[in-house]
Structures are given as C-alpha cells and as structure tokens.
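Here is a friendly walk through one protein chain, meant to be read with the structure open beside you.

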Amino acid sequence: MSRLPAVAGSFYPGERKHLEATVKGLLDSCNPPKIHNALGIVSPHAGYIYSGSVAAETIKSVDIPETVILLGPNHHGRGPSIALSQQDWQMIGGNVATNSALGQKILSFCPEAAVDESAHQYEHSLEVQIPFLQEVQNRLSIVPLALSHLTFGLCEKLATALAQAIVDYNHPVLLLA
C-alpha cells in the first residue's frame with residue numbers, strides 16, 4: 001500500500017506538469033547561499049501560494065542527501081504522539097520510498113514512537129515538502145514522523161533517539177522540520 005496525496009490540488013498543483021513547473025519556477029527564482037553538510041532545516045508547510053517561495057529557498061540552500069527525516073505537526077491528532085509512516089508515498093511527481101532501515105533504527109531507539117499510517121493519511125505538513133525534495137534529489141527516500149502533544153521530556157527522548165539512529169545508520173541524513 002502507498003500513502004496517497006491528501007492536499008494535491010489545494011495546497012499545491014494537483015496536475016504533474018503544473019506542479020513540476022511551479023516547483024521548478026520557485027526553485028529557479030531564488031539563489032540563496034549554499035550551506036554544505038547541514039544537519040537540519042526548518043521549512044514552512046502552508047500552501048505554495050503562501051509559503052512556496054520560502055520553502056524553495058530553504059531547500060535550495062542546502063545539499064539534499066538521499067535520505068531525509070521529515071518531522072511535522074500532526075494537525076488532525078490521529079495516532080500516537082510520535083507516528084512513523086512506513087508506507088511509500090504516492091506523490092503527483094512520482095512515488096517516494098520510505099527508508100525502512102532508518103525508520104526501524106528510530107523505533108528501536110525510541111520506544112515511544114510507533115508505526116501509524118492514520119496520523120499521516122490526511123496530514124499536509126510533510127506532504128508539501130516532498131515535491132521540492134523530489135526536484136533536487138532524484139534518489140530520495142524519506143522517514144516521515146508526524147508529531148503531536150509532545151512533552152519537553154518526550155522531545156528530548158526523540159532528539160536523542162534520532163541522533164543515535166542517524167549515527168548508527170552511518171549515511172548522510174537531513175532533518176527537515
């Protein structure tokens with residue numbers, strides 16, 4: 001099974017040619033200084049008409065490795081506080097595989113995290129990042145984490161688990177929140 005697009009046609013264009021032209025146009029319109037070997041970035045997750053230019057500039061400012069951990073708010077409140085998706089994501093611009101090896105490492109280091117696809121089913125916060133990532137990294141794999149109602153202590157546990165999993169994974173990884 002694949003996770004289907006939830007906000008294509010509303011937060012961003014729902015037709016492939018129009019989406020590709022929009023994303024390429026947003027990326028081509030900016031020329032930020034490049035930060036090499038970035039560990040993480042924070043990108044807005046509204047509709048492209050509102051925040052697409054900032055998201056494009058943010059993503060274009062770093063080297064995007066093949067694996068990106070996506071951390072976003074769970075606006076609908078479905079599922080656990082830390083919900084990992086392991087389904088591949090069927091996007092307008094093509095399917096994106098989840099990195100199950102890194103996902104399993106995160107689960108092993110963070111027992112509070114759980115696989116839960118319902119938390120991702122209608123969530124836009126991570127989905128809107130993917131077309132930009134696809135445009136700049138053609139071998140993209142993702143580790144989607146939808147987050148809700150986290151205490152400070154749970155944030156610390158998740159941060160420690162992510163650091164341990166990334167070190168243990170031993171390949172370049174970018175955190176995108």
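The report below goes from the whole chain to a few of its parts.

## The chain as a whole

Please keep in mind that this is a predicted model. The chain holds 6 helices and 9 strands. Its C-alpha atoms fill a box of roughly 40 × 35 × 30 Å along the principal axes. For 177 residues, a compact globule would have a radius of gyration near 16 Å, and the 15 Å of this chain agrees with that.

Of the 177 residues, 47% count as buried. Among contacts with a separation of 6 or more, 87% come from residues 24 or more positions apart.

Thr67 is a handy residue for finding both pairings on screen. It stands opposite Ser141 in β8, and its bridge partner in β9 is Val173.

Helix α1 takes in residues 16-28, which makes 13 residues. From its first C-alpha to its last it reaches 18 Å, close to the 18 Å expected at 1.5 Å a residue. At the start of the helix, a side-chain oxygen of Glu15 comes to within 3.3 Å of the backbone nitrogen of Lys17.

Which residues of α1 are buried? They are Leu19, Val23, Leu26 and Leu27. Viewed down the axis of α1, the buried residues fall within an arc of 100°, so they line one face of the helix.

Arg3 lies in strand β1 (residues 2-3). Is this arginine buried or exposed? Its relative accessible area is 3%, which is under the 20% cut-off, so Arg3 counts as buried. Its side chain reaches the backbone oxygen of His120 at 2.9 Å. Beyond its neighbours within four places in sequence, Arg3 is in contact with several residues, including Gln87, Trp89, Tyr122 and Glu127.

His120 has its place in helix α4 (residues 118-121). At 1% relative accessibility, His120 is buried too. Leaving aside neighbours within four places in sequence, its contacts include Arg3, Leu84, Trp89, Leu126 and Pro144.

## Two loop residues with positive phi

Most residues other than glycine have a negative phi. Asn37 has a positive phi of about 60° although it is not a glycine. Asn37 is found in the loop between α1 and β2 (40-41), and it is exposed, with a relative accessible area of 72%.

His149 is also not a glycine, and it has a positive phi of about 50°. This histidine sits in the loop between β8 and α6 (152-169). With a relative accessible area of 72%, His149 is exposed.

Technical notes. Residues are numbered from 1 along each chain as its sequence is written. This is a predicted model: local features need pLDDT of at least 70, side-chain atom pairs count only at pLDDT 80 or more; totals for chains, interfaces and linings use all residues. Side-chain values use heavy atoms; hydrogens and water are left out. Two strands pair if DSSP finds at least two bridges between them. Helices (H or I, at least four residues) and strands (E, at least two) are DSSP runs, numbered from the N terminus. The expected span of a helix is 1.5 Å times one less than its number of residues. Buried means under 20% relative accessible area, exposed over 50%, partly exposed in between (1.4 Å probe, protein chains only). The arc is that of the directions from the helix axis to the C-beta atoms. A polar contact is a pair of N or O atoms within 3.5 Å; within protein, one must be able to donate a hydrogen and the other to accept it, and residues adjacent in sequence count only if both atoms are side-chain atoms. The radius of gyration is taken over C-alpha atoms; the globule rule is 2.2 Å times the number of residues to the power 0.38. Contact means heavy atoms within 4.5 Å.
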